[in-house]
Amino acid sequence: MASSDPNAKYQSPLTSRYASPEMSANFSNNKRFGTWRQLWYNLALAEKQLGLAGISTEALYQMRANLDNIDYEIATAEEKKRRHDVMAHVHTFGVAAPAAAGIIHLGATSCFVTDNADLIIFRDAMDLLIAKLVCVINDLAAFATKYRSLPTLGFTHFQPAQLTTVGKRATLWLQELLWDLRNMQRARNDLGFRGVKGTTGTQASFLTLFNGDHDKVEQLDALVTELSGFKECYPVCGQTYSRKVDVDFMSPLASFGATAHRIATDIRLLANLKEIEEPFEKDQIGSSAMAYKRNPMRSERICSLSRHLMVLIGNVHQTAAVQWLERTLDDSANRRISIPEACLTADIVLTTLQNVVDGLVVYPQVISRRIRSELPFMATENFIMAMVKKGGDRQECHEEIRVLSHQAAAVVKQEGGENDLIERVKNSPYFAPIKDELNELLDPATFIGRAPEQVDNFITKYVNPALAPYADIIAAKKPAELSV
């Protein structure tokens, strides 16, 4: 039912606390019903241009003058009486534009306004999401570049592995965000217009209006599509556009949810290691009981909402699967919840992710300390190679290192001590030939391979070209501030 509040938006716990004003406005009553009126005006204008009698210039003038002048009290009262939202707004528009009252919605079915308006709203929602995503990518690329050569311990199975760099790890996140950008661009550009198709998609009502002139009906469909800002409409449909379109629209959002969850989870793990933290304000409280805590609540929020975003795709899969013949109405109530919810959730996740990326704090000394605790084991292969170069036997050297490594591991695991493998190597007569080279062999920078060069290459060849079309958006970017 239409709300009497002109500023009312899709009602969800998300909108009131977290969603951006732009995304909330995109799903507001004003946007939806204002778009309906624009569609009715476009239809009447095209019908008149193609020679349909009975549509006066005054009627078009009054319609155009009242596109945003919506009397929600009249609409609410009429919908309560008629139990039909479209006809309630046909009546309300007619009250505002009396000269057009008799030709509003001429030849159309309800889905002319509901479906076409949805496609416009979805297109505009995706534009908002893409704009936010490119800002996140831009900020994360700057982070990757800044820390391109800072060695850090790599993890596989969340167990210590070979070294990488902080910047190289960030490119793993960036690559997935670039795929999300590609997917959102495709979904946005693939959106078509339902167009002017009539009650079951046959255009029978418009063929009657134009006295059997098929060319005029095709011209009408093309003209209304153009007036509504689309390059093309779907060539065939039933009463609604295929709900498969909703699957294609929602899939990139669900996929982005997986990316955001992965990034936020990594940050939460690194925060536990005290290597990287999300922003934490001076007066922020981490726990009501444990005053020392710095909980990664922003990243946790991203994970929580991303799970919600990922599962919403199931609604549109189910809806697309159960549509009967030319259409069934059991799609409507579900779509009015699930699709706005997905756009609002993605909007909030992006805002929060940008806030986190903008304020990431790196602790190089903590990272260095962890490297020093694990690097001795990783450096053993270098020790062996250095000894062989000095004339040593590879197998004999391997055994010497194996024994010392197990002794050092026992100190760490059984006694809770520090890793003393390097001291054991230095004190071993066997390794005397390379004693003066040990510091060089333990330089973390020699263990990161091509990570810095990979960062540079990735940013130059992939990130920068992807962001180039959005230079104006990035230049106008504002800090992502969270209300709570």
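# Salt bridges, core and hairpin in a predicted model

Aspartate 115 and arginine 243 form a salt bridge in which the closest N and O atoms are 3.0 Å apart. This pair links distant parts of the chain: aspartate 115 belongs to helix H7 (residues 110-146), arginine 243 to the loop between helix H10 (214-227) and helix H11 (244-272), and 128 residues separate the two. The structure is a predicted model. The points below cover its charged pairs, its nonpolar core, its cysteines and one hairpin.

**Salt bridges**

- The count for the structure comes to 23 salt bridges.
- Side chains of opposite charge can pair when their charged atoms come close.
- Both partners of the opening pair are buried: aspartate 115 has a relative accessible area of 2%, and arginine 243 has a relative accessibility of 3%. Each counts as buried because its value is under 20%.
- Arginine 336 forms a salt bridge with aspartate 85, and the closest N and O atoms of that pair are 3.1 Å apart. This pair also links distant parts of the chain, with arginine 336 in helix H13 (residues 332-358) and aspartate 85 in helix H6 (residues 85-96), 251 residues apart.
- Are the two partners of this pair buried or partly exposed? Arginine 336 is partly exposed, with a relative accessible area of 46%, whereas aspartate 85 is buried, with a relative accessible area of 14%.
- Glutamate 399 and arginine 402 meet through their side chains in a salt bridge of 2.8 Å, N to O. Both residues lie in helix H16 (residues 394-415), 3 residues apart, which is about one turn of the helix.
- Glutamate 399 is partly exposed at a relative accessible area of 37%, and arginine 402 is partly exposed at 37%.

**Nonpolar core**

- In soluble globular proteins, nonpolar side chains tend to be buried together.
- The largest nonpolar core in this model has 139 residues. Within this core, the residues with the most contacts are Trp40, Met63, Leu253, Phe256 and Phe383.
- Helix H7 gives the most to this core, with 20 residues.
- Which residues does leucine 253 touch, leaving aside residues up to four places away in sequence? The residues touched by leucine 253 are Met126, Leu129, Met184, Leu309, Ala342, Cys343 and Ala346.

**Cysteines**

- A disulfide is a covalent bond between the sulfur atoms of two cysteines.
- How many disulfides does a search of the whole structure find? The search finds 0 disulfides.
- Cysteine 135 is in no disulfide, and the nearest cysteine sulfur, which belongs to cysteine 343, is 18 Å away.
- Cysteine 135 counts as buried at 5% relative accessibility.
- Cysteine 303 is buried too, with a relative accessible area of 1%.

- Strand S1 (residues 151-156) pairs with strand S2 (residues 159-165) in the antiparallel sense, over 5 bridges.
- The bridge partner of threonine 156 is glutamine 159, in S2.
- The hairpin has 2 residues between the strands, and histidine 157 takes a positive phi near 60 degrees there.

How values were computed: Residues numbered from 1 in each chain as written. Predicted model: local features only at pLDDT ≥ 70, side-chain atom pairs only at ≥ 80, totals over all residues. Heavy atoms only, no water. Pairing = 2+ DSSP bridges. Helix = DSSP H or I, 4+ residues; strand = E, 2+ residues; numbered from the N terminus. Salt bridge = Lys/Arg side-chain N within 4 Å of Asp/Glu carboxyl O. Buried < 20%, exposed > 50% of the residue type's maximum accessible area, 1.4 Å probe, protein only. Core = buried A, V, L, I, M, F, W, Y, C linked by side-chain atoms within 4.5 Å. Contact = heavy atoms within 4.5 Å. Disulfide = S-S within 2.5 Å.
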